[in-house]
Amino acid sequence: MGQTDLTPPLGFDGGRADGDTPAAGHYAELPVRPYDLLLRAGCRALIPLRSALGLRRAAAALRHYLRGTGAAHRVDADALLALPDVRTAAGEQLERWRAEALERWRDGPRTAAAYPADSGWREVELPRTWGSVDWRLALRAFEYRLTGTVRVAADGTASADYRFAVHTRWDAGRFARLHDVGLAKGFTVTGEAFGHA
């Protein structure tokens, strides 16, 4: 049986305890003008165009916005985590966890041990590269949080079990006025994936 470290979690420096999701503008506070109806019609026309171009995530996010429910929208966090920039950010955090766990393990009795780890909320901006276009149009940027446990075996090998959580506010960017006039509604984006590294 090993030991479980109950000190503060690994890798939290630089992360935020709470997601820093910006609030959308005030819903339905402005009067609807003819331009707003044209903008909504243009957005509706964008949905099948995006779908035809294979940008299904971007189409789904815009469709959800125009429905106007404000309900949370779940995304495929495994697919998001597979993007190179996201995978790099998460991989650097996991590497940091393993290094910090080994440092604590070396200072202890050098038996099998488990260390809690938490990155805190961090932001990733999606690049304008071809492989990320769909996600870029769907989210632009998002916040993620890795939580988990790093286990160090008695021989000093380290591995991590983790949960990758996504949470951000979809604010529509240049279409935000539709929220302000009540013709669409901003929403929260969520998702999670699990892994071992």
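Student: Why is Val150 called buried?
Tutor: Buried means under 20% relative accessible area, exposed means over 50%, and partly exposed is in between (1.4 Å probe, protein chains only). Val150 has 0% relative accessibility, so Val150 counts as buried. Keep in mind that this is a predicted model, where local features need pLDDT of at least 70 and side-chain atom pairs count only at pLDDT 80 or more, while totals for chains, interfaces and linings use all residues. Residues are numbered from 1 along each chain as its sequence is written, and side-chain values use heavy atoms, with hydrogens and water left out.

Student: Okay, what does Val150 touch?
Tutor: Contact means heavy atoms within 4.5 Å. Leaving out residues up to four places away in sequence, the list for Val150 includes Leu10, Trp97, Arg98, Ala101 and Tyr115. Val150 itself is in strand β5; strands are DSSP runs of E, at least two residues, and helices are runs of H or I, at least four, numbered from the N terminus.

Student: Which residues of α4 are buried?
Tutor: Among them are Trp97, Arg98 and Ala101. What covers the buried residues of α4 includes β5 and β6.

Student: What makes Tyr65 and Trp170 a tilted pair?
Tutor: Rings of Phe, Tyr and Trp (its six-membered ring) pair if their centres lie within 6.5 Å; planes under 30 degrees apart count as stacked, over 60 as edge-to-face, and the rest as tilted. Here the centres are 4.9 Å apart and the planes make 55°, so the pair is tilted. Tyr65 is in helix α2 and Trp170 in strand β6, 105 residues apart.

Student: And why are Tyr65 and Trp170 called buried?
Tutor: Tyr65 has a relative accessible area of 0%, so Tyr65 is buried. Trp170 comes in at 8%, so Trp170 counts as buried too.
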